[in-house]
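Student: Please take a close look at the aromatic pairs in this structure. I would like one connected account of them.

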Amino acid sequence: MERRTIKNPRSGHSARAIPPGLPEADISAARFNRVWTVPNMLSFLRILLVPVFAWLLVGPGEYGWALALLAFSSVTDWVDGKIARMFNLQTKLGQYLDPAADRLLVLVTPIVFVVVGILPLWAAVALVLRDVLLAPTLLIYRRRNLDSHVMYLGKAATFALLWAFPLYLAARAGWSFSGWFEPWAQALMWWGIALYLWTGVLYIWKALLVQRRIPAA
């Protein structure tokens with residue numbers, strides 16, 4: 001009689017992370033609720049690097065090193081999303097952790113830029129105030145067991161800001177060609193602020209509509 005070797009479909013890393021014998025639905029739920037995945041660890045790392053980035057600017061004034069760290073954070077932001085999609089590592093924590101890392105950087109960087117004299121105070125106040133006003137809208141969605149979907153216009157605003165920040169640093173890095181980066185940094189910053197504030201208005205309006213149309217669970 002021919003003897004067949006049956007391979008365990010959940011062998012390897014997944015077998016160690018998920019108990020054997022679970023139904024497929026429970027396996028999917030267990031995977032979605034994981035914490036220590038590579039994308040989540042990269043998001044944690046990005047959050048931990050934010051105070052280091054602030055110290056490099058406020059303390060020793062190392063614009064070059066701050067730019068390198070910001071570039072590293074941007075690369076890991078792209079990499080963790082790519083890994084999550086390629087290897088089916090999307091998790092509930094990651095849905096909050098990844099945007100939280102972006103929000104933290106968008107909040108801290110303008111404040112630090114004001115301290116070191118790169119941005120005017122009103123620009124930092126506008127960016128911080130927008131996120132402060134949006135915070136209560138999350139409670140509306142949570143009470144109704146709904147997800148607040150990110151607008152593509154909001155992603156465009158964040159994209160413009162996250163490119164403006166390193167360009168401002170490059171403009172002050174002391175290189176012979178640093179002056180070339182200043183107009184690009186200013187253009188992206190003002191476009192980013194305008195889109196950021198406008199999408200803030202749209203998010204608040206959308207949350208108010210949800211509040212009126214859908215009763216709390």
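Tutor: In this predicted model, a search of the whole structure turns up nine aromatic pairs. A pair of aromatic rings is described by two things, the distance of the centres and the angle of the planes. Take Trp-122 and Trp-190: their ring centres are 5.5 Å apart and their planes meet at 15°, so this pair is stacked. The cut-off behind that word is an angle under 30 degrees.

Next, consider where the two residues sit. Trp-122 belongs to helix α6, which covers residues 121-143, and Trp-190 belongs to helix α8, residues 181-213; the pair therefore ties together parts that lie 68 residues apart in sequence. Trp-190 has a relative accessibility of 35%, so it counts as partly exposed, since that class runs between 20% and 50%.

One aromatic cluster is formed by Trp-175, Phe-177, Trp-180, Phe-181 and Trp-184. A ring can also face a charge: the charged end of Arg-130 sits over the ring of Tyr-196, at 3.8 Å from the ring centre.

Now the setting. The protein has eight helices and zero strands, and its pattern along the sequence reads α-α-α-α-α-α-α-α. Of the contacts between residues at least 6 apart in sequence, 74% join residues at least 24 apart. Of the 217 residues, 36% are buried. The protein exposes about 13,600 Å², and carbon and sulfur atoms supply 68% of that area.

Technical notes:
Residues numbered from 1 in each chain as written. Predicted model: local features only at pLDDT ≥ 70, side-chain atom pairs only at ≥ 80, totals over all residues. Heavy atoms only, no water. Phe/Tyr/Trp six-rings, centres within 6.5 Å; stacked < 30°, edge-to-face > 60°. Helix = DSSP H or I, 4+ residues; strand = E, 2+ residues; numbered from the N terminus. Buried < 20%, exposed > 50% of the residue type's maximum accessible area, 1.4 Å probe, protein only. Lys NZ or Arg CZ within 6 Å of the ring centre and 35° of its normal. Contact = heavy atoms within 4.5 Å. Areas by Shrake-Rupley, 256 points an atom, 1.4 Å probe, with all protein chains shown as cover.
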